[in-house]
Amino acid sequence: MLAGREGSRRVVLAADRAARRTGLAVGMPVAKAQALLPGLTVMPARQDEDRAALVRLALWLQQRVTPIAATDGADGLVLDTTGADHLLGGEPMMLRDIARRLKGAGITARTAVADTLGAAHAMTRTSVGAAVIVPPGEQAMALADLPVAALRLPAEIVASLTDLGLTRIRALASAPRAPLVLRFGDILTRRLDQAYGRVDEPIQPVRPVDPVTVSRSFAEPIAAAETIARYIGKLVLPLCAGLEERGLGARRLDLLLHRVDSAIQAVRVALARPTRDPGHLQRLLSERIETIDPGFGIERMELTAVLAEPLEQRQQISSLIDAPEADLSGLVDTLANRLGHKALYRVVPVESDVPERSVRRVPPLAPVGNATWPEKWPESWPRPTRLLSHPEPIETMAMLPDHPPVFFVWRGVRHKVQCADGPERVFGEWWRDDAELATARDYFRVENTSGERFWIYRAGDGEHGETGSQRWFLHGLFA
């Protein structure tokens with residue numbers, strides 16, 4: 001258990017699962033907790049260090065997910081992913097990617113996506129699922145049955161509402177407002193309106209230390225796309241000059257547009273290689289203008305190079321006989337910012353005998369590793385043109401362990417085997433896992449009566465159970 005002070009009281013700030021099962025709760029006086037559980041281990045909370053770590057985590061996610069990231073209380077983060085989720089494959093894939101990244105760092109997190117900060121805060125702290133997506137415009141329905149404590153209200157107000165019988169947000173939303181404001185002040189109705197989206201709640205994003213950033217304020221708000229594009233060009237020039245002074249090139253740019261209603265519109269572009277070419281950066285940012293909602297006008301624009309790397313100077317071609325090196329970074333940047341970075345990749349070889357491990361996806365302009373593609377596959381064991389991402393189970397009938405199937409059923413279609421070649425035995429990689437020490441696969445190249453060719457295998461040697469499940473799978477298709 002972690003203990004700290006709230007005013008003059010020493011209270012419980014955090015407790016592990018075993019302690020909570022005994023009745024301990026956050027906010028309970030430490031003396032009461034020690035009386036309930038003798039022998040309880042009490043450690044002082046380092047709240048300043050926790051806050052600093054939360055800010056570092058926000059900056060880490062800001063570089064990888066969205067330009068607008070801020071802390072939410074002592075244990076949460078809020079990310080405005082508007083305009084950035086498509087770069088990560090959409091909201092469901094984005095939440096899975098965030099959870100995976102945090103899990104890799106040893107952090108367990110619950111995530112939610114909603115139209116408002118208040119709704120997302122409530123869903124992450126009260127929902128059972130690890131990832132929740134509230135459909136647009138349905139935050140009122142999603143919040144209806146949640147406790148009023150999810151509205152970020154002070155504990156004394158929550159206790160008073162409970163005494164009045166207002167324990168759920170549905171009941172609170174339908175109660176007369178005037179008596180509530182008279183008794184509790186405007187914080188109660190303001191939190192409710194913020195969660196429902198009736199009142200805007202600006203997010204103040206954290207910023208990395210000393211980034212290259214430029215900004216411009218306007219005497220009169222701007223809204224026209226042509227005007228925004230013109231001022232993007234005026235911001236890019238001093239940004240590139242600042243990058244040049246530091247010997248850096250931008251890898252990721254965030255354009256924040258502060259509206260007169262205190263809302264912030266964000267545009268993020270990423271680059272395959274460091275660059276400080278003003279024309280290229282202006283084109284990438286201008287292509288995203290159609291995603292901007294200026295509202296009643298934009299009063300300030302801020303452009304930041306949130307990720308920058310040293311930019312190496314390259315020698316220009318100085319001889320007529322030197323062949324120019326093709327630079328595809330501009331094309332890659334344009335396609336990646338339109339389609340999403342996960343939709344653009346290339347495949348490189350990996351030294352592995354297991355087929356699904358022998359290739360992997362890398363960014364289009366990633367450096368080439370030491371592994372190379374074989375110049376020519378052995379004539380007797382060619383590889384399929386298309387390798388499935390995951391082997392799919394099939395139903396088969398084989399006469400003997402070393403014989404190919406007579407037929408197989410894949411995706412509900414029965415294929416009669418006309419001819420086959422095999423088996424090619426592939427053993428597990430014992431240095432990865434002890435379970436692969438005895439595993440084996442027998443691959444066959446089979447052709448059906450229609451001339452279609454498939455790559456199938458049996459998990460196991462057909463005789464010994466420790467070598468595999470003896471089930472059959474389809475792993476690839478030949479041209």
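Colleague: Which residue stands opposite Arg 216 in E11?
Modeller: In this predicted model, Met 301 in E11 stands opposite Arg 216.

Colleague: What makes E8 and strand E11 (residues 298–310) a pair?
Modeller: Pairing needs at least two bridges. Seven bridges join E8 to E11, so the two strands pair. They run antiparallel.

Colleague: Where does this pair sit in its sheet?
Modeller: The sheet is open and has four strands, in the order E8-E11-E9-E10, with antiparallel pairing.

Colleague: Why are strand E8 (212–222) and strand E10 (264–275) called edge strands?
Modeller: Each of them pairs on one side only. From one strand to the next, the twist averages 15°.

Colleague: How do you know which strands helix H3 (residues 47–64) touches?
Modeller: Contact means heavy atoms within 4.5 Å. By that cut-off, H3 touches strand E9 (248–259), E10 and E11, so H3 packs on the sheet. The direction of H3 makes about 70° with that of E10.

Colleague: Which strands does helix H11 (residues 225–246) lie across?
Modeller: H11 lies across E8, E9, E10 and E11, and runs at about 160° to E8.

Colleague: What is the order of the open sheet formed by three strands?
Modeller: The order is E2-E1-E3, with mixed pairing. Strand E2 (9–14) and strand E3 (43–44) are its edge strands.

Colleague: How do you know that strand E1 (residues 2–6) pairs with E3?
Modeller: Two bridges join E1 to E3, and at least two are needed, so they pair. E1 and E3 run parallel, and Leu 2 stands opposite Met 43 in E3.

Definitions and conventions:
Residues are numbered from 1 along each chain as its sequence is written. This is a predicted model: local features need pLDDT of at least 70, side-chain atom pairs count only at pLDDT 80 or more; totals for chains, interfaces and linings use all residues. Side-chain values use heavy atoms; hydrogens and water are left out. Axes are lines fitted to C-alpha atoms, for helices over the stretch in contact, and angles run from 0 to 180 degrees between N-to-C directions.
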